[in-house]
Amino acid sequence: MFDVIIAGCGPTGAMLAAELRLHDVRVLVLEKETEPASFVRIVGLHIRSIELMAMRGLLERILERGRQRPAGSYFAAIDKPAPEGLDSAYAYLLGIPQPVIVHLLEEHAIELGAQVRHGCAVVDFEQDDDGVTVELADGEQLRSRYLVGCDGGRSTVRKLLGVGFPGEPARTETLMGEMEVGVPQEEFAAKASEIGEADKRFSLRAAGVGVYRVVVPAAGVSDRAEPPTLEDFKQQLRTIAGTDFGVHSPRWLSRFGDATRLAERYRVGRVLLAGDAAHIHPPIGGQGLNLGVQDAFNLGWKLAAQIRGWAPETLLDTYQAERHPVAADVLDNTRAQTELLSTGPGPQAVRRLLTELMDFDEVNRHLMEKITAIGIRYDFGEGPDLLGRRLHDIDVKQGHLYGLLHRGRGLLLDRTERLTVDGWSDRVDYLADPTAVLDAPCVLLRPDGHVAWIGDDQQDLADHLSRWFGKPAN
Ligand SMILES: Cc1cc2nc3c(=O)[nH]c(=O)nc-3n(C[C@H](O)[C@H](O)[C@H](O)COP(=O)(O)OP(=O)(O)OC[C@H]3O[C@@H](n4cnc5c(N)ncnc54)[C@H](O)[C@@H]3O)c2cc1C
């Protein structure tokens, strides 16, 4: 008997497993693939995800394997630098191959005690009042108190759950792959960049020594069920560029679409959904992995609290209440970005106008905070603007704030040195620091770093500790 079975060891599942293990929850992750993906796409970790890695002590190992880049120019690939003074100590983009980030997160989860079984596909489950019986492809049955589907866009868990996945089917498909090019770079660079300027869905760029990443529209490539071939790439290159640049020796070839869908519910009884299993959208803006990892960060401590028995009655439901609107907003901004990449004169005119508008700092900042997820404010009720937002990393007398959040517990940062978390100290840490640079006397942080309370009154604090962390221990 496990506390939680997670279907899928992608970035979302691995992150969730680690978050649950911080609270000693017995976790089993079932991953249908036996080998890591050969599909080596570089994904961009945006600021909020980088902050999460810092909050769990993972950033150093991730930085070793990734490449820091400027944070700007991500909204619809409109070439604008990030605004000055972004509200984060980690104001950059981190490019990292997806299999590397998955490996690092899985390794972290295993170090914390999660069990991960590869080559195990979840094919069925049944839930009752006490738990979930999960069936694997080989007929084995396993039992857990909760099941979380982190099994990607074609989620078996979501389908078996019967949760609707409304939205738009793919309108356009894109081919992406890495390969060698048969002509010297000087001969094709200017032409490739000229075509890329006119058609934002084309690019041919260096992706390592002697290897180039090719992105071309898949229009006309017929059989969607079959993986694309090198010939498909050549044909598309000839159509769009008049030459196939002599491409050869592919490393990997893939295809993706722009379907946009959002699960109607994130939870049915003891079964929950997170990551691509709950939402899919085109990759423009590089947000999908970030969104999934952040779902896991939001869900982990709440599900752990439910299992450990201290969760207030409605805590687990706040997962959907908080994360569903965030995903809806990401879907909307990718819809907008997709339009801005269209080659028609109307969308191109809107693109030019938005490019002008982004010269206004507030517009650029707003879009930047959206894409990087640092602008998210959960609805915790009336209160100062900081309430419901994540707190950026600040210096505190013991080093830096995020360094104190590695254990995934709540934290009271008390500049008055008068308050106490007695009664909750098994769940919430306490830091008295009158020198902390903060625009509030005290803040109560949830384990995901969002500000759950601001004030200086002990009774008010106790009420909010109960709201988020349950009844005090005797
Ligand atoms: C071209 C492209 C570029 C992208 N670039 C970015 C980017 O820059 N930034 C970004 O944030 N996102 C990016 N994304 C999106 C990102 O790759 C996904 O959003 C992310 O992989 C979702 O993670 P996940 O863990 O939710 O799902 P997945 O990564 O799909 O993982 C699901 C896992 O579940 C397993 N599984 C499936 N079914 C079962 C089953 N029945 N039982 C057990 N296991 C199962 C799968 O094998 C898989 O390992 C990009 C996507 C594409 C296509």
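An oxygen atom of the ligand lies 3.3 Å from a polar backbone atom of Pro11. That is a polar contact (a pair of N or O atoms within 3.5 Å). The protein covers 86% of the 1,000 Å² of accessible area that the ligand has on its own; such areas come from the Shrake-Rupley method with a 1.4 Å probe.

This is a predicted model, in which local features need pLDDT of at least 70, side-chain atom pairs count only at pLDDT 80 or more, and totals for chains, interfaces and linings use all residues. Residues are numbered from 1 along each chain as its sequence is written, and side-chain values use heavy atoms, with hydrogens and water left out.

| Residue | Protein atom | Distance to a ligand oxygen |
|---|---|---|
| Pro11 | polar backbone atom | 3.3 Å |
| Gln98 | side-chain N or O | 2.7 Å |
| Leu289 | backbone N or O | 2.8 Å |

The shell around the ligand holds 29 residues, each with a heavy atom within 4 Å of the ligand. The closest are Glu31, Arg41, Gln98, Leu289 and Asn290. By class, the shell has 11 nonpolar, 12 polar and 6 charged residues. Here Ala, Val, Leu, Ile, Met, Phe, Trp, Tyr, Cys and Pro count as nonpolar, Asp, Glu, Lys and Arg as charged, and the others, Gly among them, as polar.

Helix H1 (11–21), strand S2 (27–31), strand S3 (42–45) and helix H8 (288–308) each supply at least two shell residues. Helices (H or I, at least four residues) and strands (E, at least two) are DSSP runs, numbered from the N terminus. H8 gives the most, with 3 residues.

The axes of H8 and helix H9 (residues 317–341) come within 10 Å and cross at roughly 170°. The two are therefore roughly antiparallel (over 145 degrees). H8 contributes Leu291, Gln294, Asp295, Asn298, Leu299 and Lys302 to the contact (heavy atoms within 4.5 Å). Its residues, from both helices, divide into 6 nonpolar, 3 polar and 4 charged.

H9 in turn meets helix H10 (residues 345–357) at about 110°, with axes 7 Å apart. H9 and H10 are therefore roughly perpendicular (65 to 115 degrees).

Notes:
A polar contact is a pair of N or O atoms within 3.5 Å; within protein, one must be able to donate a hydrogen and the other to accept it, and residues adjacent in sequence count only if both atoms are side-chain atoms. Axes are lines fitted to C-alpha atoms, for helices over the stretch in contact, and angles run from 0 to 180 degrees between N-to-C directions. Angles under 35 degrees count as roughly parallel, over 145 as roughly antiparallel, 65 to 115 as roughly perpendicular and the rest as oblique.
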